[in-house]
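Dear colleague,

I am handing over the structure we spoke about, and I would be grateful if you could look through it alongside the notes that follow.

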Amino acid sequence: MKQLSLSRLHCEECSQGLIAQLERTTGHTGFAYDEEEQVLSIPQDADIDLVYDILAADKIAIRHNNEVACDCVDCRFPLPGAHAHDAHHDHETHDDHAHSHGHHHAHSHSHSHTHGNSVTNIAIVFAMNLIFSISEFIFGAILNSTAIFADAVHDLGDAISVGLALVLEKRSKRHADGTYSFGHRRFSLLGALITGLVLLLGSVFSLARAVPRLLAPDKVNYDGMLVMALVAIALNAVSAWALSRGSSRNESMLNLHMLEDMLGWIGILIMSIVMRYTNWYILDPLFSIALSCFIIYKAAPSMWSTLKILMESVPENVPMEDIEQQLLKLPHVHGFTHLHLWSMDGQSNNFAVSLFTDLANAQDHKLLRERIRALLMPYNVECSTVEIDYDPEKRFVGKVR
Ligand SMILES: [Zn+2]
Ligand SMILES: [Zn+2]
Ligand SMILES: [Zn+2]
Ligand SMILES: [Zn+2]
């Protein structure tokens, strides 16, 4: 068995498709792919060069190759005129470098599994949040409390984000089709966008109700608030308990969040007791304003980062100038233009570039493309498009605009 460590594949269906294609084309059975480790196992007698070609045709980069004497890009993609192996590096230090690089980024992506039970649990949390939020809007009005109104906005945001995640998470994993040629990853952004809008608009509305009350505090029904706080704390405790039995990442995130929600209700509980004995009704708008500001403080940055992805900004963790330098350092590359790097959903990125080279041979162009895919390995690029322009007179040098 030979083993190749690959760049991330889209999904299990994609890796099964790859296996089927490898077996069909090479005529050998026994290929296997480890989803967790992202390692492809190849039968000993299968034609390895054919395997390389199939991977390259699918734009899959090889992260780590133990089947070659040296794993460095110069040795793996030997372009004409490149230095002989012994001349360009010392073997020991070089190998260490390749290893540390290969493994450093191997598990950078996050998994989120949502199966059977956890879907039901999350659906229950959604329904509870929605029903509770609506009753908060109603009772907030009846009890004349702006604090409960602000919390209703927060719970509505929770309900919408959980509900949309249930619907959109599945959709965002679908493959590209005639309507969405980039795939459906951006559907996962839609949830963050809509939730953010609801939270921001709701909080502004809530502030508009609470601020005038600072000047003219109005009597609130503190007994009703006390009962409501007790019910909310009980409900939160029950759902936190239900979720704590689940183990998915989504569930533990929700669990943590509900503890935060509970703190808010403990605040309302204490406030209602204080107001019963002191008549400090100004506490209610103060609490409401503080909560609304907290909601805006949390929602605005995530809204902004979602908008930046939709506006095709370069992902924050990608050093664009560094990539420009690395492109110009490639052998036989003297210029580039239309360099684009953007993110689909904040995790998976796309890349496009036009290169100017003096290499005329199509086989060398292929090596160049694969070298660029190897170079992009740390940046989670799922789809890379490399256009190669033959420019023997070197008319286009450096970063061409
Ligand atoms: Zn897939
Ligand atoms: Zn080497
Ligand atoms: Zn919440
Ligand atoms: Zn362009």
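A residue is called buried when its relative accessible area is under 20%, exposed when that area is over 50%, and partly exposed in between. Tyr 180 has a relative accessible area of 35%, and therefore belongs to the partly exposed class. Please bear in mind throughout that this is a predicted model.

As to the overall picture, the protein has 401 residues, of which 45% are buried, and its secondary structure comes to 13 helices and 8 strands. The accessible surface is about 21,000 Å², with 61% of that area belonging to carbon and sulfur atoms. When contacts between residues at least 6 apart in sequence are considered, 70% of them join residues that are at least 24 apart.

Turning to the aromatic rings, the count comes to 6 aromatic pairs. One of these joins Tyr 180 and Phe 187 in an edge-to-face arrangement, with 5.2 Å from centre to centre and 75° between the planes. The arrangement is called edge-to-face because the angle between the planes is over 60 degrees. Elsewhere, ring pairs link Phe 137, Phe 149 and Phe 205 into a cluster.

Which residues surround Ser 384, apart from its neighbours within four places in sequence? This serine, which lies in strand β7 (residues 381-390), is in contact with Lys 59, Phe 351, Arg 373 and Leu 376. With Arg 373 there is also a polar contact between the side chains, at 2.6 Å. The relative accessible area of Ser 384 is 4%, so the residue counts as buried.

Finally, Met 311 sits in the loop between α11 (283-310) and α12 (320-329), and it is exposed because its relative accessible area is 57%. Its C-alpha atom is separated by 9.0 Å from that of Trp 342, although the two residues are 31 residues apart along the chain.

How values were computed:
Residues are numbered from 1 along each chain as its sequence is written. Chains are lettered from A and ligands numbered from 1 in the order in which they are written. This is a predicted model: local features need pLDDT of at least 70, side-chain atom pairs count only at pLDDT 80 or more; totals for chains, interfaces and linings use all residues. Side-chain values use heavy atoms; hydrogens and water are left out. Helices (H or I, at least four residues) and strands (E, at least two) are DSSP runs, numbered from the N terminus. Buried means under 20% relative accessible area, exposed over 50%, partly exposed in between (1.4 Å probe, protein chains only). A polar contact is a pair of N or O atoms within 3.5 Å; within protein, one must be able to donate a hydrogen and the other to accept it, and residues adjacent in sequence count only if both atoms are side-chain atoms. Contact means heavy atoms within 4.5 Å. Rings of Phe, Tyr and Trp (its six-membered ring) pair if their centres lie within 6.5 Å; planes under 30 degrees apart count as stacked, over 60 as edge-to-face and the rest as tilted. Accessible areas come from the Shrake-Rupley method with a 1.4 Å probe; for residues, only the protein chains shown count as cover.
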